Amino acid sequence: NLKKKKEIFLEDIATYGDAFLLLPAFSFRANTIASFKVYDTLKESQARQKVIFFHPKYLRNLALFWRTEGVTEFRLSSGLMITSVAVELCEHVKLYGFWPFSRTIK
């Protein structure tokens, strides 16, 4: 509801400084309009945060990969998406708060 609470949103987001803001514009259609409203609001206000998006082809390939690994959900969770990126980009990844595990704690 950026029309009514734009200033509150901008104040809240300012606490994150120069952080990147990953918006789920292409993860599924219902997010697209809202994500671009947020993007436009940040751009108009010259906020310090840089908005980033996952490329639609990347999301499609990521979903296909996880299907081959047995993940059958209709769409991937944001946590699994971010974890996948971290594993691709980082040598060491530590995760906390993923519970309950669907099969084992491994």
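**Close-up views of helix packing, cores and loops**

**View A. The buried residues of α4 pack against α3.** The model is a predicted one, in which local features need pLDDT of at least 70 and side-chain atom pairs count only at pLDDT 80 or more, whereas totals for chains, interfaces and linings use all residues. Residue numbers start from 1 along each chain as its sequence is written, and side-chain values use heavy atoms, with hydrogens and water left out. Helices (H or I, at least four residues) and strands (E, at least two) are DSSP runs, numbered from the N terminus. Buried means under 20% relative accessible area, exposed over 50%, and partly exposed in between (1.4 Å probe, protein chains only). In α4, the buried residues are Leu80, Met81, Thr83, Ser84 and Val85. The 12 residues of α4 reach 17 Å from the first C-alpha to the last, close to the 16 Å expected at 1.5 Å a residue; the expected span is 1.5 Å times one less than the number of residues.

**View B. Helix α3 (residues 56–68) and helix α4 (residues 78–89) cross at roughly 95°, with axes that come within 11 Å.** This makes α3 roughly perpendicular to α4. On the α3 side the contact is made by Tyr58, Leu59, Leu62 and Trp66, and on the α4 side by Leu80, Met81, Ser84, Val85 and Glu88. By class, the contact has seven nonpolar, one polar and one charged residues. Axes are lines fitted to C-alpha atoms, for helices over the stretch in contact, and angles run from 0 to 180 degrees between N-to-C directions. Angles under 35 degrees count as roughly parallel, over 145 as roughly antiparallel, 65 to 115 as roughly perpendicular, and the rest as oblique. Contact means heavy atoms within 4.5 Å. Ala, Val, Leu, Ile, Met, Phe, Trp, Tyr, Cys and Pro count as nonpolar, Asp, Glu, Lys and Arg as charged, and the others, Gly among them, as polar.

**View C. Ser84 lies in helix α4.** With 5% relative accessibility, Ser84 counts as buried. Not counting residues up to four places away in sequence, Ser84 touches Tyr58, Leu62 and Trp66.

**View D. The largest nonpolar core has nine residues: Leu2, Phe9, Leu10, Ile13, Leu21, Leu23, Val38, Leu42 and Val51.** Two or more residues of this core come from each of α1 (2–14), β1 (20–23) and α2 (32–44), and α1 gives the largest share, four residues. A second, separate core of eight residues includes Leu59, Ala63, Leu76 and Leu80. A nonpolar core is a set of buried Ala, Val, Leu, Ile, Met, Phe, Trp, Tyr and Cys residues joined through side-chain atoms within 4.5 Å. Leaving aside neighbours within four places in sequence, Leu23 is in contact with Ser35, Val38, Tyr39, Val51, Ile52 and Phe53.

**View E. Thr41 lies in helix α2.** Thr41 is buried, at a relative accessible area of 8%. Neighbours within four places in sequence aside, the contacts of Thr41 are Leu2, Lys6, Phe9 and Leu10.

**View F. Gln46 is found in the loop between α2 and β2 (50–53).** Gln46 is not a glycine, yet has a positive phi of about 55°. Its relative accessibility is 70%, so Gln46 counts as exposed.

**View G. Glu73 is found in the loop between α3 and α4.** Glu73 has 49% relative accessibility and therefore counts as partly exposed. Glu73 and Ala63, 10 residues apart in sequence, are 9.4 Å apart in space, C-alpha to C-alpha.
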